[in-house]
Structure formats: C-alpha cells, structure tokens
Amino acid sequence: HRYYGATLPFGNESYHAPQLRYLTVEQALADMALFLSTVPEIFKCAKEGESPNQVPCRPVLFGGSYGGMLAAWFQVKYPHLSAGAIAASAPVDTNLGEERAQQFRNATFHVFRQYGGENGSACAEILGNALDRINKVATIAPRSSNLERISRHLRTCSQITDGLGALRTEFYALGSLATLAMLDYPYSTNFVVPLPANPVKYACDETLRHFSYNKVARIEHNLDMDRLLAALNAAINVFVNSTGALKCHNVSRELLGVHPSHFRHKLTPLRHALEVSQSIKQPTGANLGDISIPWNYQACSEMVLEPLTSDGYGFAIETDDQVPGVLDTCLSRYYGLHPDPDWLERSFGNGKQIVRYARNIVFSDGEKDPWRVGGVPQNAKQLSLDGSVVHVLIESAAHHQDLRSTDHARDPPQLKEARKLEMRHIRKWLNLDSNNELACCAESVSEASPQLASRRQEHSALALWTVSHLIMLCTFFSQDSD
C-alpha cells in the first residue's frame, strides 16, 4: 500500500504536503488493479475466456481490517479483475449519522463482560464508569482539581487543563480498551504490541486488583473516582504499555478537537469544519516509521470515523457531534487537506448497497471485535441479488482471526467452521467443484475429491489464489511478526 512501510513514492518527502494528496483509497485500489492486470504475463495464465487449454487467471483477494475493506471495495469497482474476496473484519458500513460510536462502545464492553473472567461484568462496569467520570468532568465540571486527578492517575504527558484534554483522555482510553478487545486472541501475539493470551481477562485481573471483592459485589454504591481512574490506567497499560517502555500517555496527539458550540450540546454542521481557513503552516519533520501520519491523514480525508488513537496503537469511533472538532484538528495538522467524509459511501455504497450489488464476497466478523458494528448486515445473502455475497459472525473470534495461522488446540469450533465456509466459496469461485458440495478445509486441499476432472488444473488454480493471498493480504497492521 502506497505510503506505508517501505512504499514511499516521494522518499523522505512522502509525508509532506502536497505529496500526501496521492494517499487515497481510490489510488490504492488503482495500484492493485494495475498489478492484477499484469497477472497473465507474470504467472503465464490466460485471461478470462481466452484460452480453454490454459489455466485461467482468477485471483482471489484476501484482506483483514482495512485490507478487508479494500478487498470488498475492489470487488465493487473492479469485479472483472478478481474472482472473489474474503473480507475479514471489514467495517465498510462505518458512516456518519448511524450512531456507530455508542454501538462501538457497547461492543467493546460486551467483550470485557463475556471474556473478562468470572468477574467480567464487574470489570466492564468499573471501566465503563471510569470513562463516564472522565466525560462528566470534561463536559460538566472541568474544575482544575478534577483535571489534575485525571492527569495524575492516567499519567498524561502534560497536565490536562481543560475539557478538551479530558475528552481526549477519555478517547485515548476507549481506543486502548477497544483495540485490546479486538485483539483478544486465545494465544499470545506480537501483532500490534506484545500481548499475553486472552489479554482482556488479563486486563480485568489488573483492573480488579484495585477493588476488594466485597466492594466489587456492591460496585454501583462504591465507585471512588481515584480508584476508578487507577483501575482504568492499569487496564489500558496492558495494551499501550505492555513493554513498560511508555513513560506517559500522550493524549495531545488525539484528533479530537472542540468546536465552540460543542459544550452547548449542539450538532455543528460539517460544512463549518470544511470551510475553516486552510492558511495553516505546513508540518515539518515526519517520522516515516510512524503509521499515525498516513493513517490519520486518510482518516481526516476519507475515513473520519476511524482515527488512530492511544499513542498510535489504538482505534475508536467518535460521536457525530465530535466530528466537526476532529475535522478542525485535521485541517490544522495537514496542510492543504480537503476532507470529504462522505466520499467512500458515495463511491461504493453503504453496507446494504454493497452486499446487494457486489458479487462473490465473504464478509466475516469476530464476536470479540468491536468493529463488527460497522460490518455489513448479517442477512447479506438474502440481500444479495445473486446470493454470492454472504456474512458470517464468528462466535468467540477476535479481529480477522480467520486469516491468522491455524491453532488446532485453541481455535474455537465456530472459527474452524468459518474457514471451511470460506474455502467452499473460494472453490466455487474458481470452478473447482462440479456440485459445490465439498466441505473441504484448507488443511485437506491435497485430498481433493475424485469428482474433480483434473487434479493438475485444481493445483494450478489453487496456486493462483495462494499467490493472490500474498497480493492482497493487506491487514492494516503490517508489523505482525507471528
């Protein structure tokens, strides 16, 4: 993906204006289209319908998270270049005006309640109350004494002096908890940061250390603010400070801003933020290893409800009435930016429209992933015009866990079944089964049914989609070393 990793089109100047204007979803999809148009030449296969004696070029796209969104959008825009797509944990229906922020928060605490251990409900209530207390200070009582307590217990890098600082701290903490929830794998990972197995339970154990069990039992009557904040700090540090190297929480990096009318509880029209003067100094000096620069640029320009948070490690969804403030901050940070937060929905459609008019996509979401609230409708197959777009919600699974390496001992049964379903669809897209009834899984591909006319053709076609796995497995966090 352009502008990520080593793909810097302008070298050390890539993160400076005006070069960033070429960092768009549209350009990224066009890059992939250009590459896939060369597949026949690279792999010596035939274009669709050209040579019946040669293995056809039928790439299958795989993507998780942002990569899953790209895979789905590619199927919408370039359906002639790919046979189908596995879009795992792809929140393509995260649009303004749909109250996704509250749904996202609810889905986050669902994970803590269900997977936080025997006291998961108490853990979720403690953490939720801690966020509520910070929000109350920010919006109702931003007294200096309260702001000092938040700074002290949450160990912010600079003293919080106003309601905006408190709101940013709340958002930082929510992003940490939500991302910890989506990464709640049953085994240790080094995907985003080093995490233990079942990190949500680990975080709940750290949270509950600040409360005796008697007090937990009467939690609604016994929530001291200082203790709540200390417990919240312990929980978020399981994620953002797993190595112990982070000295403080830099909440000033958050994109949340405050429009003057915010605290009067009015929804400011987005056009105000878009009309803010752009006579802003160009940013100087960019850390090319920091993904928060390119990602937050994309969030500012196209995906406003998906800003990076929590010292560049987490994600959260802001409320619609916070969006104007976010865009104000965006305009101050990115010189020459022209935000268009509705462009993706105009270009590709919302979730219902995508599943209705696209073809050959398997959307999957894990129960533990808060981003599932921005996924396509669960009845996608019924909405799809030809029934070729489906959705599967995987119980007990985390963020795009179906694309991660198989762990026979710890993968839940529902995850194993989801992978089988995906394989069946892939085989159907590649015309590998005459009756599409084979319940073949990835581990048994070599034991193909004798109904197949040509084992050689099967292996050649499978090789193509395996190569395409490498092509389009553009899971957003590229530093996964597992």
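Tutor: Let us begin with Thr94, which touches Arg100, Leu305, Glu306, Ile317, Trp371 and Gly374, when residues up to four places away in sequence are not counted. Please keep in mind that the model is predicted.

Student: Why is Thr94 called buried rather than exposed?

Tutor: Its relative accessible area is 11%, and buried means under 20%, so Thr94 falls on the buried side of the cut-off.

Student: What makes the pair of Pro91 and Thr94 a polar contact?

Tutor: The backbone oxygen of Pro91 lies 3.1 Å from a polar atom of the Thr94 side chain, and the limit for such a pair of N or O atoms is within 3.5 Å, so the distance meets the limit.

Student: How do you know that strand 2 is mostly covered?

Tutor: Five of its five residues are buried. Gly84, Ile86 and Ala88 point one way from the strand, whereas Ala85 and Ala87 point the other way, and all are buried.

Student: What makes strand 1 and strand 2 a pair?

Tutor: Pairing asks for at least two bridges, and five bridges join strand 1 to strand 2, so these two strands, which run parallel, count as paired. Within this pairing, Leu61 stands opposite Ala85 in strand 2.

Student: Which strand is joined to strand 5 (residues 361-366), and by how many bridges?

Tutor: Strand 6 is joined to strand 5 by six bridges, and the two run parallel; Val390 in strand 6, for example, is the bridge partner of Val362. Strand 6 (residues 389-394) is largely enclosed by the rest of the structure, because five of its six residues are buried.

Student: Why is the link between Arg2 and Asp31 called a salt bridge?

Tutor: The N to O distance between their side chains is 2.7 Å, and a salt bridge needs a side-chain nitrogen of Lys or Arg within 4 Å of a carboxyl oxygen of Asp or Glu, so this pair qualifies.

Student: Are Arg2 and Asp31 buried or partly exposed?

Tutor: Arg2, at 18% relative accessibility, is under the 20% cut-off and therefore counts as buried. Asp31, at 31%, lies between 20% and 50% and therefore counts as partly exposed.

Student: What makes Asp311 and Arg253 a salt bridge as well?

Tutor: Their closest N and O atoms are 3.9 Å apart, and the limit is within 4 Å, so the pair still qualifies. Asp311 lies in the loop between strand 3 (308-309) and strand 4 (314-315), and Arg253 in the loop between helix 10 (225-240) and helix 11 (270-275), so parts 58 residues apart in sequence are tied together.

Student: Where do Glu417 and Lys420 lie?

Tutor: Both lie in helix 17 (residues 413-429), three residues apart, which is about one turn of the helix. Glu417 and Lys420 form a salt bridge, with the closest N and O atoms 3.5 Å apart. The whole structure holds 14 salt bridges, and a network of salt bridges links Asp93, Glu98 and Arg100.

Student: Why is Arg155 called exposed?

Tutor: The relative accessible area of Arg155 is 52%, and exposed means over 50%, so Arg155 passes the cut-off. Arg155 also has a positive phi, of about 50 degrees, although it is not a glycine, and its place is in the loop between helix 6 (144-154) and helix 7 (163-182).

Student: Which residues make the nonpolar surface patch of about 240 Å²?

Tutor: Phe35, Ile42 and Phe43 make this patch. A patch residue needs over 30% relative accessible area, and Phe35, which is placed in helix 1, has 34%, so Phe35 passes that test while being called partly exposed.

Methods: Residues are numbered from 1 along each chain as its sequence is written. This is a predicted model: local features need pLDDT of at least 70, side-chain atom pairs count only at pLDDT 80 or more; totals for chains, interfaces and linings use all residues. Side-chain values use heavy atoms; hydrogens and water are left out. Buried means under 20% relative accessible area, exposed over 50%, partly exposed in between (1.4 Å probe, protein chains only). Helices (H or I, at least four residues) and strands (E, at least two) are DSSP runs, numbered from the N terminus. A polar contact is a pair of N or O atoms within 3.5 Å; within protein, one must be able to donate a hydrogen and the other to accept it, and residues adjacent in sequence count only if both atoms are side-chain atoms. Contact means heavy atoms within 4.5 Å. Patches are made of residues with over 30% relative accessible area and no salt bridge: like charges are joined within 9 Å, nonpolar side chains (Val, Leu, Ile, Met, Phe, Trp, Tyr) within 5 Å. Accessible areas come from the Shrake-Rupley method with a 1.4 Å probe; for residues, only the protein chains shown count as cover.
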